[in-house]
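Thanks, everyone. Let's walk through this one together, starting with the side chains.

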Amino acid sequence: MTDIADSPFHAAALRQRSVPLLTITDLETLQPLLDRLRQRGVRCLEIALRSPVALQALAAVRRDHPDMLVAAGTVWTREQWRAAEDAGAHCLISPAAPLELLDHAAVAATPWLPAAQTPTEFGLLRSAGYRIVKFFPAEAAGGVAAVRALAAVLPEIRICPSGGINADNRNSYLAEPAVAWVSGSWSGSA
């Protein structure tokens with residue numbers, strides 16, 4: 001298993017603190033969006049595999065902006081994992097921890113960030129060796145109060161909240177010592 005904690009993407013996300021989550025549906029919008037993000041100092045981002053052009057967008061970022069680190073998000077299957085690797089993803093991020101991906105991650109070289117919502121799920125991922133876990137959907141699952149509760153019983157886990165994070169609430173999450181970084185698709189500053 002290659003833990004995302006040891007990856008260049010994670011190191012950049014720690015510096016950046018907020019990782020933009022992009023759902024690209026039109027490749028023509030990609031370059032202007034990347035230009036705006038780069039002007040704001042963004043060097044790592046996540047592209048959700050939620051559209052027919054998502055993998056093309058990921059490959060375009062890798063080709064046209066080799067200094068940027070890009071994660072493939074919303075990865076549910078091994079097929080998506082392989083396709084994202086082929087497109088050049090630096091790492092993979094999921095909204096859960098599907099068993100087929102837990103098995104695959106145990107032997108894969110590409111770092112993966114699985115998600116959890118409950119203490120049981122976080123505990124299982126800790127037992128599997130994960131030091132960084134995505135908390136999704138953060139706002140719907142209790143928000144900052146839930147992060148505090150999880151951190152109290154799992155102090156060795158760093159948490160990456162996502163889902164309902166926006167420009168108005170992200171600083172509340174980032175103020176929590178257990179939070180490594182947040183991701184969201186807000187339109188405010190990155």
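Is Trp112 buried or exposed? Trp112 is buried, at a relative accessible area of 1%. Here, buried means under 20% relative accessible area, exposed means over 50%, and partly exposed is in between, with a 1.4 Å probe and protein chains only.

Some ground rules. This is a predicted model, where local features need pLDDT of at least 70, side-chain atom pairs count only at pLDDT 80 or more, and totals for chains, interfaces and linings use all residues. Residues are numbered from 1 along each chain as its sequence is written, and side-chain values use heavy atoms, with hydrogens and water left out.

Aromatics next. A search of the whole structure gives four aromatic pairs. The rule covers rings of Phe, Tyr and Trp (its six-membered ring): they pair if their centres lie within 6.5 Å, and planes under 30 degrees apart are stacked, over 60 edge-to-face, the rest tilted.

Take Phe9 and Trp181. Their ring centres are 5.9 Å apart and their planes stand at 70°, so this pair is edge-to-face. Phe9 is in helix α1 (residues 8-16), while Trp181 is in the loop between α8 (170-174) and β9 (182-184), so the pair ties together parts 172 residues apart in sequence. A word on those labels: helices (H or I, at least four residues) and strands (E, at least two) are DSSP runs, numbered from the N terminus. Phe9 counts as buried, at 1% relative accessibility. Trp181 is buried too, at 1% relative accessibility.

Now the partner of Trp112. The rings of Trp112 and Tyr130 have centres 5.8 Å apart and planes at 85°, so they too are edge-to-face. This pair links distant parts of the chain, 18 residues apart: Trp112 sits in strand β5 (residues 112-113), and Tyr130 in the loop between α6 (119-127) and β7 (132-135). Tyr130 is buried, at 3% relative accessibility. Ring pairs also bring in Trp81: Trp81, Trp112 and Tyr130 form a cluster.

The charged end of Lys134 sits over the ring of Phe136, 5.2 Å from the ring centre. The test is NZ of Lys or CZ of Arg within 6 Å of the ring centre and within 35 degrees of the ring normal.

On to salt bridges. How many salt bridges does the rule give? The count is seven. The rule asks for a side-chain nitrogen of Lys or Arg within 4 Å of a carboxyl oxygen of Asp or Glu.

Look at Asp67. Its side chain meets Arg38 in a salt bridge, at 3.1 Å from N to O. Asp67 lies in the loop between α3 (54-64) and β3 (69-73), and Arg38 in helix α2 (residues 30-39), so parts 29 residues apart in sequence are tied together. Asp67 also forms a salt bridge with Arg43, with the closest N and O atoms 3.9 Å apart. Arg43 is in the loop between α2 and β2 (44-48), 24 residues from Asp67. Asp67 is partly exposed at 41%, Arg38 is partly exposed at 23%, and Arg43 is partly exposed at 31%.

Another bridge joins Glu156 and Arg126, at 2.8 Å from N to O. Glu156 is in the loop between α7 (143-153) and β8 (158-161), and Arg126 is in helix α6, so this pair ties parts 30 residues apart in sequence. Glu156 is partly exposed at 40%, and Arg126 is partly exposed at 37%. There is also a salt-bridge network, linking Asp3, Asp6 and Arg131.

Now the sheet. Three strands make an open sheet, in the order β6-β7-β8, with parallel pairing. Two strands pair if DSSP finds at least two bridges between them. β6 (115-116) and β8 are the edge strands, each pairing on one side only. β7 and β8 pair in the parallel sense over four bridges.

Last, a pocket. Which residues lie nearest the centre of the second largest pocket? They are Ala97, Leu102, Ala115, Glu121 and Leu125, out of 13 lining residues. A pocket is an open set of points on a 1 Å grid over the protein atoms alone, where a 1.4 Å probe fits, with protein on both sides within 12 Å along at least five of seven lines; lining residues have an atom within 4 Å of a point. α5 (99-105), β6 and α6 each give two or more residues to this lining. α6 gives the most, with three residues.
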